[in-house]
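This report goes through one protein model, a few places at a time. Please keep the sequence and the structure in view while reading.

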Amino acid sequence: MTDFAKALQSGVTLLRTLPRRSAGVADAHRAVGEWAARHPGIRAQLVVDRRPGTPVVDYDLLLDHPDGGTVALTAPPEDGVPWLIDHSTHWAAGYLVSVNDVDVTVPQALTMLRSLSRRDASPYQEIVDQCLLVEAADDTEPLTAADLQATADEFRRGRGLHDRESTLAWMTEAGMSGEQFEAYITEIARRRRFRRDKETELAPGHLAANPGDFARVRAVWVTGGEAVTAATTPDLLAALASLGETANVTSASPGKTAATSPGETADVPSASSGDLTSTSSGDLTSTSSGDLTSTSSGDLTSTSSGDLTSTSSGDLTSTSSGDLTSTSSGEAAATPLGETAVTFATRWEAELPEALRGAEPGRVVGPVKLPDGGFLTGAVLSRSPATGDAETLAAAGRAAFTGWLAEHRAAATVEWHWS
């Protein structure tokens, strides 16, 4: 008997001993690896076939033939079910979607749903985007321990898993073993590394081509169901101060989202003029340094450091770090639909409301009718040209990556397997 014939015989014996459940696939790979080491000339490869909708797996063993070509060995279990019936299921029965050459099973899609985070994208779009990243990040370069640790830490923080017990409880609820969680984090880390590297690659060119998008703009605007009118910026600021007890106030720095929901605010820029004076009716006051100060009625205030403090009614407090805190009644300071929202922010030009982009500093814009209803009135307080500092390059990289992903999404072949 030739060496190849002996390998065939022992290969069949090996296949019949492999575990037939998905939980045993790692053990099967180890067993085949040890067997292949004893038969180096045939370059054995194990192919795993996961049956749709079940934990059962089948295996094929691919061997190089001495005369060229490949021989495939299979050894179905003796379970009494004819092979033709056992394998008559449509190839895509267990798949949810195929994006280019990436096929996503229903369990994989459910795993993806655990890490969806973008509020501006539907689950369908984000699953497609993750498939595109899986395809693009298909590299063999090992991940560093620092990459894996940073990804795991970020994942746990995002879900409030601050200790070992809470992480293990989450894994139990998700039905993940330690090995499965490690594999899950590894895939996220691989996509995370690809995105970071791609953003770094694209950032300089995108900033050079779109410098106007990354000017730093300090601005204030108000949105709501009723139009706010003002002839000058001081008039607008005074009007906003009078809204302090009913409006939700949001602040943001470049690259951070400003919204009217809790936990999404950042640093608050102070007024720049420094010549506003208070009135007995509680209008806005500004010190010589340009900081917004309190009114006699206890409306909107800002300390000398530019921090936004609460009104006398306890509506909203923002610390110097921009954290949004609760009202005096213990409820989150969010803006219900239809109420007025005031935003003081430092933003990149491209992230401003469309009506304020390119507006001349000091000129009041609006009231402008918004597409989804309501009105916007605002003013640009100051504008600084874009620079090539690290923060600006990071923002340019994020914007460039968003464009790169949109282009690949538009060109992708996407097939949803709904039936």
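## A charge over a ring

In this predicted model, Lys 369 lies over the face of Phe 375. The distance from the ring centre is 4.8 Å.

## The chain as a whole

The protein chain contains ten helices and 15 strands. It has 419 residues, of which 39% count as buried.

Contacts can also be sorted by how far apart the partners are in sequence. Among contacts between residues at least 6 apart in sequence, 59% join residues at least 24 apart.

## Aromatic pairs around Phe 155

The structure holds eight aromatic pairs. One of them is formed by Phe 155 and Phe 181, whose ring centres are 6.0 Å apart. Their planes stand at 65°, and an angle over 60 degrees counts as edge-to-face, so this pair is edge-to-face. The pair links distant parts of the chain: Phe 155 belongs to helix H6, residues 145-158, and Phe 181 to helix H8, residues 178-209. The two residues are 26 residues apart.

Phe 155 also forms an aromatic pair with Tyr 184. Here the centres are 5.5 Å apart and the angle between the planes is 90°, and this pair too is edge-to-face. It again links distant parts of the chain, with Phe 155 in helix H6 and Tyr 184 in helix H8, 29 residues apart. Together with Trp 170, the residues Phe 155, Phe 181 and Tyr 184 form one aromatic cluster.

Are Phe 155 and Phe 181 buried or exposed? Both are buried. The cut-off for buried is under 20% relative accessible area; Phe 155 has 5% relative accessibility, so Phe 155 counts as buried. Tyr 184 has a relative accessible area of 9% and is therefore buried.

## How H6 meets H8

At what angle do the axes of H6 and H8 cross? They cross at roughly 105° and come within 9 Å. Angles from 65 to 115 degrees count as roughly perpendicular, so H6 and H8 are roughly perpendicular to each other.

On the H6 side, the contact is made by Asp 147, Leu 148, Ala 150, Thr 151, Ala 152, Glu 154 and Phe 155. On the H8 side, the residues include Phe 181 and Tyr 184, along with Ile 185, Ile 188, Arg 192, Arg 193 and Arg 196. By class, the contact of H6 with H8 has nine nonpolar, two polar and five charged residues.

## Glu 199 in H8

Helix H8 also holds Glu 199. With a relative accessible area of 16%, Glu 199 falls under the 20% cut-off, so Glu 199 is buried. Which residues does Glu 199 contact, leaving aside its neighbours within four places in sequence? They are Gly 397, Arg 398 and Phe 401.

## Val 104 in S5

Val 104 lies in strand S5, which covers residues 102-105. Its relative accessible area is 2%, so Val 104 is buried.

Not counting residues up to four places away in sequence, Val 104 touches Tyr 95, Leu 96, Val 97, Ala 109, Met 112 and Cys 131. Val 104 and Trp 416 are 312 residues apart in sequence. In space, the distance between them is 9.7 Å, C-alpha to C-alpha.

Key. Residues numbered from 1 in each chain as written. Predicted model: local features only at pLDDT ≥ 70, side-chain atom pairs only at ≥ 80, totals over all residues. Heavy atoms only, no water. Phe/Tyr/Trp six-rings, centres within 6.5 Å; stacked < 30°, edge-to-face > 60°. Helix = DSSP H or I, 4+ residues; strand = E, 2+ residues; numbered from the N terminus. Buried < 20%, exposed > 50% of the residue type's maximum accessible area, 1.4 Å probe, protein only. Lys NZ or Arg CZ within 6 Å of the ring centre and 35° of its normal. Axes fitted to C-alpha atoms, helices over the stretch in contact; angles between N-to-C directions. Parallel < 35°, antiparallel > 145°, perpendicular 65-115°, else oblique. Contact = heavy atoms within 4.5 Å. Nonpolar A, V, L, I, M, F, W, Y, C, P; charged D, E, K, R; others polar.
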